Each structure stands twice: as C-alpha cells, then as structure tokens.
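Please keep the sequence and the 3D view at hand while reading.

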Amino acid sequence: MKRIIINNFLFFLFLINIAYSAQNLIPPSDIQYSEKKVTIIIDPGHGGGDWGINYRGIYEKNITLDISRKIKEKLLKDNPRMVVYMTRVDDQFLNINDRVNYANSQKGDVFLSIHCDFIPSESISGYKIYYMLSDNIAEKQRTELINWDTIQTSHINSSGKLASFMDQYMRAALIKEDNNITGNDEDDVLPLESRGVFRIKSFILKSINMPAVVVEVGNIYNRNDFSYLTDKNIINQIAYHIKEGIINYLIKTNYQ
Ligand SMILES: [Zn+2]
C-alpha cells in the first residue's frame, strides 16, 4: 500500500477538499481471493437499434458496454476462478426476456445491469443504485409452482446488501488501482456523487433468479456527468469501484 506524499501545502488542501466526504476503504480484492467458483452476470443496458439515451452524439448503449467490459476485465484479473458472463459482448439488440433468460440459465451469484439516466435538470447528478421493490407476495413464494415473474422476491435481502455495498464502494476513497504509478499517490475517489440506493418495480429485476441490482452511473444531461461518462479514465475508475463493491458483497456473504 502506498503512502500519500504531500509535496506542497496547496496540494494538501486540494486533497482534503476532495476526500473529506469519502470513507477510506481498503479494496477488498487486496485482502482476499476466492477459492470458490463465483459467477457474475453483467448486463450492459440497451444495444443494437436500441440506443438508450442519445445525447450530444453519445449513445448510452456504448457507455454501458464500455463500463461492463471493464468490470469483467477487472473481476477476471483479480480472480481466475471468477466466471463472468455478459448478456451482450458487442453492439447487439436484446429484449428484456433475452437478458433474463440468459442470466438465469447461467445460474449467476450476482446480476448487475448498467444504465445511465437522462433527467433534464442541471441540479441532478451522480449515480444511483436500484434493487427490486416487490408487492408483498410471501404467500405465493410458499406455493410449489415457481412464479418466474416474481422470482426476485426470494433474493430481495441479498439484493439490498449488494446495492448497499455497491454504493459504499462507489463513494469510497480507494487505493489507486495501479499503485505503481509514480507521482500519482492520491486516493481513487469517483468524481460522481452518490444519489443513493433506491427500490424500484423493475421489469428486468423481477424475473432475475439471483441477487440483482441496476446501477444508473450518472445523469447524461448534467454537464459534469456528461464529461465524466465520456472520459475513458473515469469509465475505468467507475468499473474499479463497482468491481470492489461486488467483491466486498461476495466476501461478506461468504461466497468467497
Ligand atoms: Zn438505460
């Protein structure tokens, strides 16, 4: 682990300013490696003729694919026993059923869907994490028949934990991912704010048979978020923080 080297007073002030609200966390991938096979499903939102948000020449489908690829690459680099599937690996159209059926057939331990917001307000910025809000259907869960339309209900507690850890690690100040880079010693803090964890009635989440979340990585309408989500380095940073949130969830829930 590297120490922060303070070269001058102004730099020190700058560090205090950006790090004051971020909790310093040790990336869990630095602590523990899995002995067990774990399957992660990443779902890059939209694709093909479904562009998602199309704003100032930027397509949501490309941002979601870039982030998903980076998360996959980082998960595999950390742990060769990790199995990572993506619902799409290129610019391909998929409907919700395609995504759900693929994810469930791979019997994943975690499902993560990546999207961006478009809220026409400069005052709304940052990422947001969703997990399923279902009606009270505990009775239905006791029946013999599996109701695929509401299968997520049996994973709600785990999905809530996954969402909280994801938020915690996206907010956190982490050690730089490549801490061999000289002259670059400050902690890794995402420039994007957290809008927090929310529950939603979601067509995609309700039929996913594993702990599942949707991450809206930012509001593309917002000027700052637009610049962050079109910056390759920040895309890489977002993937790093999301990956650490997944690893921490796996450690805390004894998958690892
Ligand atoms: Zn979307």
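## The zinc site

The zinc ion has as its protein donors His 46 through NE2, Glu 60 through OE and His 115 through ND1, at 2.1 to 2.2 Å from the ion; donors are N, O and S atoms within 2.8 Å of the metal (3.2 Å for Na, K and Ca), and since water is not among the atoms, sites may look incomplete. The model is a predicted one, in which local features need pLDDT of at least 70 and side-chain atom pairs count only at pLDDT 80 or more, while totals for chains, interfaces and linings use all residues. Residues are numbered from 1 along each chain as its sequence is written, and side-chain values use heavy atoms, with hydrogens and water left out.

Along the chain, the donors of the zinc ion follow the spacing H-x13-E-x54-H. His 46 belongs to the loop between strand 2 and strand 3 (54-55), whereas Glu 60 is part of helix 2 (residues 60-78), so this pair ties together parts that are 14 residues apart in sequence. Helices (H or I, at least four residues) and strands (E, at least two) are DSSP runs, numbered from the N terminus. Both His 46 and Glu 60 are buried, where buried means under 20% relative accessible area, exposed over 50%, and partly exposed in between (1.4 Å probe, protein chains only).

## Overall make-up

The protein has seven helices and ten strands, and 50% of its 256 residues count as buried. Among the contacts with a separation of 6 or more, 83% are between residues 24 or more positions apart; contact here means heavy atoms within 4.5 Å.

Six strands form an open sheet in the order 5-2-6-10-7-9, with mixed pairing, two strands being counted as paired if DSSP finds at least two bridges between them. Strand 5 (82-86) and strand 9 (194-200) stand at the edges with a single partner strand each, so one side of each is left without a neighbour in the sheet. On average, neighbouring strands of this sheet are turned by 20° against each other, direction ignored; axes are lines fitted to C-alpha atoms, for helices over the stretch in contact, and angles run from 0 to 180 degrees between N-to-C directions.

Strand 2 (residues 38-44) pairs with strand 5 in the parallel sense over five bridges, and Ile 41 has Tyr 85 as its bridge partner in strand 5. Helix 3 (residues 96-105) packs on the sheet, where it touches strand 2, strand 5 and strand 6 (110-117), and its direction makes about 170° with that of strand 2. Strand 2 also runs parallel to strand 6, joined to it by five bridges, with Val 110 of strand 6 as the bridge partner of Ile 40.

## Strand 6 and its two faces

Strand 6 is mostly covered, with eight of its eight residues buried. Val 110, Leu 112, Ile 114 and Cys 116 point one way from this strand, while Phe 111, Ser 113, His 115 and Asp 117 point the other way. His 115 is also one of the protein donors of the zinc ion.

## Nonpolar cores

A nonpolar core is a set of buried Ala, Val, Leu, Ile, Met, Phe, Trp, Tyr and Cys residues joined through side-chain atoms within 4.5 Å. The largest has 56 residues, of which Ile 40, Ile 71, Met 166, Val 215, Ile 238 and Ile 242 touch the most other members. Helix 7 (residues 232-252) gives the most to this core, with ten residues. Leaving aside neighbours within four places in sequence, Ile 242 is in contact with Ile 67, Ile 71, Leu 112, Ile 114, Met 166, Met 170, Val 215 and Val 217. Another core, of five residues, lies apart from the largest one and includes Leu 25, Tyr 169, Leu 174 and Tyr 240.

## Helix 2

Helix 2 has 19 residues and reaches 27 Å from its first C-alpha to its last, close to the 27 Å expected at 1.5 Å a residue; the expected span is 1.5 Å times one less than the number of residues. Its buried residues include Glu 60, Ile 63, Ile 67, Ile 71 and Leu 75.
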